[in-house]
Amino acid sequence: MSESVVDGIAAEFLHNANRGRRLVAVDGADAGRAARFADALAQAIAGASGDDVVRRSLGAVTEPELRGGTVEPFRAGDADGPDAVLVVDGQGLLDDAVRG
């Protein structure tokens, strides 16, 4: 994985979602590679924005588990600041049923 690719994705994300409590989901055929990419992306976002970045590895989750256990608590919380970013990796996160 190229550092410039990760930095480019982080820059694009921050350009399109530059404030508020934001979420980035990373999914992939290889769970280990997806987790490493999510780690690198979280570091790139933090470095480029200075915002708090929260990192979670979820494994396989259903839409209710994702929303109830991860997204809603993150969006409702204020411990990480108003402009925090949640970067999650897991299996099936980009499936239609999970994305909502």
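Angles between axes that are under 35 degrees count as roughly parallel, those over 145 as roughly antiparallel, those from 65 to 115 as roughly perpendicular, and the rest as oblique. The model shown is predicted, so that local features need pLDDT of at least 70 and side-chain atom pairs count only at pLDDT 80 or more, while totals for chains, interfaces and linings use all residues. Residues are numbered from 1 along each chain as its sequence is written, and side-chain values use heavy atoms, with hydrogens and water left out.

**Figure 1. The crossing of helices α1 and α2.** Helix α1 (residues 3–16) and helix α2 (residues 31–49) have axes that come within 9 Å and cross at roughly 60 degrees, and the two helices are therefore oblique to each other. The axes are lines fitted to C-alpha atoms, for helices over the stretch in contact, with angles running from 0 to 180 degrees between N-to-C directions. The crossing of α1 and α2 is right-handed, a term used if the near helix is turned clockwise from the far one by less than a right angle. On the α1 side the contact (heavy atoms within 4.5 Å) is made by Val6, Asp7, Ile9, Ala10, Phe13 and Leu14, and on the α2 side by Phe37, Ala40, Leu41, Ala44, Ile45, Ala48 and Ser49. These residues divide into eleven nonpolar, one polar and one charged, where Ala, Val, Leu, Ile, Met, Phe, Trp, Tyr, Cys and Pro count as nonpolar, Asp, Glu, Lys and Arg as charged, and the others, Gly among them, as polar.

**Figure 2. Ile9 in helix α1.** Ile9 is found in helix α1 and, at 37% relative accessibility, counts as partly exposed; buried means under 20% relative accessible area, exposed over 50%, and partly exposed in between (1.4 Å probe, protein chains only). When neighbours within four places in sequence are left aside, Ile9 is in contact with Phe37 and Leu41. Ile9 and Ala38, which are 29 residues apart in sequence, are 11 Å apart in space, C-alpha to C-alpha.

**Figure 3. Arg22 in strand β1.** Arg22 has its place in strand β1 (residues 22–26) and counts as buried, at 5% relative accessibility. Not counting residues up to four places away in sequence, Arg22 touches Phe13, Leu14, Ala17, Asp51, Phe74, Asp83, Ala84, Val85 and Leu86. The C-alpha atoms of Arg22 and Leu58 are separated by 17 Å, with the two residues 36 apart along the chain.

Figure 4. Thr70 is found in helix α3 (residues 63–76) and is buried, with a relative accessible area of 13%. Apart from neighbours within four places in sequence, the residues in contact with Thr70 are Leu58, Glu65, Leu86 and Val88. Gly77 lies in the loop between α3 and β3 (85–91), and at 27% relative accessibility Gly77 counts as partly exposed. Between Gly77 and Ala17, 60 residues apart in sequence, the C-alpha to C-alpha distance is 18 Å.

**Figure 5. The chain around the close-up views.** The chain has four helices and three strands, where helices (H or I, at least four residues) and strands (E, at least two) are DSSP runs, numbered from the N terminus. From the N terminus on, the elements run α-β-α-β-α-β-α. Of the 100 residues of the chain, 33% count as buried. Among contacts between residues at least 6 apart in sequence, 76% join residues at least 24 apart.
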